[in-house]
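Please go through the fold and the charged contacts of this protein model.

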Amino acid sequence: MGHDEEHERFDRDIEAMGVRIKDANLMKVRADVFDEVTLIALYKLVHKKLISAIGGPISTGKEANVFYGEHDGRGIAIKIYRIQTANFKAMTEYLAGDRRFASVRGSRKGLIFAWTKKEYSNLARAYDAGIPVPEPLAFDRNILLMEFLGRGEVPYPQLRNAEVEDYGAVYRQILDYVERLYGEARLVHADLSEYNILYHEKPYLIDMGQAVTLDHPRAHVFLIRDIKNLNRYFSRYCDVPDDEEVLRAIVGTGHREP
């Protein structure tokens, strides 16, 4: 089957599902992103009436592509993990020490499905603890549906591109999130930086696939790395305590042996 025929079949498939395609640019990425596994997952989610429209890409990366979508008029983010290009080795490191996913073995596909479920689970734990993250809505295979953080169809900017009036206040808010993530959700984000924080009136934490529970053997190392990243970024704009002091404040608040 030629590329054009494949594309036409893709269009027919998506539209046959009753999904409106809101952005012609979606078609530029279809062959790369919407492989057979992804289409099956999409069918399942559409069949459950969880997606009514798909718009353009919000972000594209080696690990995943995120598209704007709608469900009953509400904006959603459709995150599709890329089975062919995701970093298999890095993912294994985060999954290996996580008791929730200790039984995951074998194929690249199986690992990506576990990772998708893990991000859903991590977001749910953070959301239930009242931390500003996108509300997770559903997942199937390598697709995760969550609340869209943005206005209209435009996502909130990453912290590094946002207009922030009071960096000191935002820094303290994020430290409070990290503390609550640790003390209440029992998680360490493990990839916290100005790229994985969105900002609109307040900061939001995103990209939680790699977040680990406190019993992960490297949880402490990841927490220190998160603190160093935050302090590196915010020290350009405001006074920050040293890394050790921040670490003691976070671990001291909710530290119980898991």
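**Basis**

This is a predicted model, in which local features need pLDDT of at least 70, side-chain atom pairs count only at pLDDT 80 or more, and totals for chains, interfaces and linings use all residues. Residues are numbered from 1 along each chain as its sequence is written, and side-chain values use heavy atoms, with hydrogens and water left out.

**Overall fold**

The protein chain holds eight helices and twelve strands. Both are DSSP runs numbered from the N terminus: helices are H or I with at least four residues, strands are E with at least two. The chain has 258 residues, and 50% of them count as buried. Buried means under 20% relative accessible area, exposed means over 50%, and partly exposed lies in between (1.4 Å probe, protein chains only). The chain exposes about 12,700 Å², with 48% of that supplied by carbon and sulfur atoms. These areas come from the Shrake-Rupley method with a 1.4 Å probe; for residues, only the protein chains shown count as cover. A contact means heavy atoms within 4.5 Å. Among contacts between residues at least 6 apart in sequence, 62% join residues at least 24 apart.

Two strands pair if DSSP finds at least two bridges between them. β1 is joined to β2 (residues 53-60) by two bridges, and the two run parallel. Within this pair, Ile21 stands opposite Ile54 of β2.

**Helix α6**

Helix α6 covers residues 167-183, 17 residues in total. The expected span is 1.5 Å times one less than the number of residues. That gives 24 Å, and the end C-alpha atoms of α6 are 24 Å apart, which agrees. Asp166 caps the N-terminal end: a side-chain oxygen lies 3.2 Å from the backbone nitrogen of Gly168. Such a polar contact is a pair of N or O atoms within 3.5 Å; within protein, one must be able to donate a hydrogen and the other to accept it, and residues adjacent in sequence count only if both atoms are side-chain atoms. The buried residues of α6 include Tyr167, Val170, Tyr171, Ile174, Val178 and Leu181.

**Salt bridges**

A salt bridge is a side-chain nitrogen of Lys or Arg within 4 Å of a carboxyl oxygen of Asp or Glu. By this rule there are eleven. Three of them are tabulated here.

| Pair | N to O distance |
|---|---|
| Arg100 and Asp98 | 2.7 Å |
| Arg99 and Asp215 | 2.6 Å |
| Arg141 and Asp140 | 2.6 Å |

Arg99 lies in the loop between α4 (88-96) and α5 (108-128), and Asp215 in the loop between β12 (212-213) and α7 (219-234), so the pair ties together parts that are 116 residues apart in sequence. Arg99 is exposed at 62% relative accessibility; Asp215 is partly exposed at 26%. Arg100 is partly exposed at 28%, whereas Asp98 is buried at 0%. Arg141 is partly exposed at 28%, and Asp140 is buried at 10%. Lys79, Glu119 and Asp207 are linked in a network of salt bridges.

**Asn196**

Asn196 sits in the loop between β9 (187-188) and β10 (197-200). Asn196 is buried, at 7% relative accessibility. Leaving aside neighbours within four places in sequence, Asn196 is in contact with His189, Asp191, Tyr204, Leu205, Ile206 and Asp207.
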